[in-house]
Each structure stands twice: as structure tokens, then as C-alpha cells.
Amino acid sequence: MDWLAIIFYIAAGLLAIAGLILTIFSFPGIWLIFLGTILVAIVGKFQVITPLMLVIIFLLSIFSTLLDNVVGSYSTTKFGGTKYGALG
């Protein structure tokens with residue numbers, strides 16, 4: 001394994017850790033985790049992480065983002081927020 005691949009794997013790991021930390025603090029970090037996964041797939045020549053697996057992870061990322069937005073809007077209106085508060 002050459003040094004460039006090792007650097008890319010470390011960068012992918014840092015992206016995943018940063019995405020996890022952002023998610024804990026209610027920021028959209030799921031996309032950093034997805035970018036780290038893409039980086040690992042490219043460096044590994046799609047042998048461990050296949051294109052089908054990338055599509056599945058992408059769909060789960062979209063679902064997670066949509067669910068986060070819907071639940072945030074719903075809980076705002078449920079606990080006394082206005083319609084404008086739920087949209088913004």
C-alpha cells in the first residue's frame with residue numbers, strides 16, 4: 001500500500017469522525033460520512049465498498065436528511081411553534 005492511499009484512508013476517517021461529531025450537535029454531518037465512504041470506495045477500487053453499497057448508503061443519507069427535516073418541523077408545530085417557525 002502506498003503512502004497516498006494511506007493519506008486518503010486517514011482523510012476518509014477524519015471526514016467520518018467530523019460527520020459523526022456534527023451529527024451529535026444536530027448539524028447535517030451525514031454527508032461528510034458519505035463523502036468519506038466514497039473516498040474509501042475509490043481508493044479501494046470498489047472492491048470492499050461496491051457501487052451498489054454506495055447507492056444504498058446514498059439513499060439512507062437522503063432518507064435521514066428528509067426525516068430530520070420532517071421531524072423538526074412536526075415537533076415545532078406540536079410544541080406550540082408557528083407555521084413559519086416550522087418552515088424556517
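User: Is F25 buried or exposed in this structure?
Analyst: The model is a predicted one. F25 sits in the loop that runs between α1 (3–24) and α2 (30–43). Its relative accessible area is 58%, and a residue over 50% is classed as exposed. F25 is therefore exposed.

User: How are the axes of α2 and α3 oriented, roughly parallel or roughly antiparallel?
Analyst: Helix α3 covers residues 51–78, and its axis comes within 10 Å of the axis of α2. The two axes cross at roughly 175 degrees. Angles over 145 degrees count as roughly antiparallel, so α2 and α3 are roughly antiparallel.

User: Which residues make the contact between α2 and α3?
Analyst: Both helices contribute side by side to the list. From α2 come I30, W31, F34, T37, I38 and A41. From α3 come L54, I57, F58, S61, I62 and T65.

User: Is S61 buried or exposed?
Analyst: S61 belongs to helix α3. Its relative accessibility is 2%. The limit for a buried residue is under 20%, so S61 counts as buried.

User: Which residues does S61 touch, not counting residues up to four places away in sequence?
Analyst: S61 is among the α3 residues that make the contact with α2. With residues up to four places away in sequence not counted, S61 touches I30, W31 and F34.

User: Which residues is I30 in contact with, leaving aside neighbours within four places in sequence?
Analyst: I30 lies in helix α2, and I30 is one of the α2 residues in the contact with α3. At 26% relative accessibility, I30 counts as partly exposed. Once its neighbours within four places are left aside, I30 is in contact with T23, S61 and T65.

User: How many Å separate I30 and A18, C-alpha to C-alpha?
Analyst: Along the sequence, I30 and A18 are 12 residues apart. In space, their C-alpha to C-alpha distance is 9.5 Å.

User: What is the phi of K45, and where is K45 found?
Analyst: K45 is found in the loop between α2 and α3. At 65% relative accessibility, K45 counts as exposed. K45 is a residue other than glycine, yet its phi is positive, near 60 degrees.

User: What is the phi of F46?
Analyst: F46 also lies in the loop between α2 and α3. Its relative accessibility is 37%, so F46 counts as partly exposed. F46 is not a glycine, although its phi is positive, at about 55 degrees.

User: How many Å separate the C-alpha atoms of M53 and G36?
Analyst: M53 has its place in helix α3. With 37% relative accessibility, M53 counts as partly exposed. M53 and G36 are 17 residues apart along the chain, and their C-alpha atoms are separated by 13 Å.

User: How many Å separate the C-alpha atoms of S73 and W3?
Analyst: S73 is placed in helix α3. A relative accessible area of 27% makes S73 partly exposed. Along the chain, S73 and W3 are 70 residues apart. Their C-alpha atoms are separated by 46 Å.

User: Is F79 buried or exposed?
Analyst: F79 has its place in the loop between α3 and α4 (83–87). F79 has a relative accessibility of 71%. A residue over 50% is classed as exposed, so F79 counts as exposed.

User: How many Å separate the C-alpha atoms of F79 and I49?
Analyst: Along the chain, F79 and I49 are 30 residues apart. The separation of their C-alpha atoms is 42 Å.

Note on methods. Residues numbered from 1 in each chain as written. Predicted model: local features only at pLDDT ≥ 70, side-chain atom pairs only at ≥ 80, totals over all residues. Heavy atoms only, no water. Helix = DSSP H or I, 4+ residues; strand = E, 2+ residues; numbered from the N terminus. Buried < 20%, exposed > 50% of the residue type's maximum accessible area, 1.4 Å probe, protein only. Axes fitted to C-alpha atoms, helices over the stretch in contact; angles between N-to-C directions. Parallel < 35°, antiparallel > 145°, perpendicular 65-115°, else oblique. Contact = heavy atoms within 4.5 Å.
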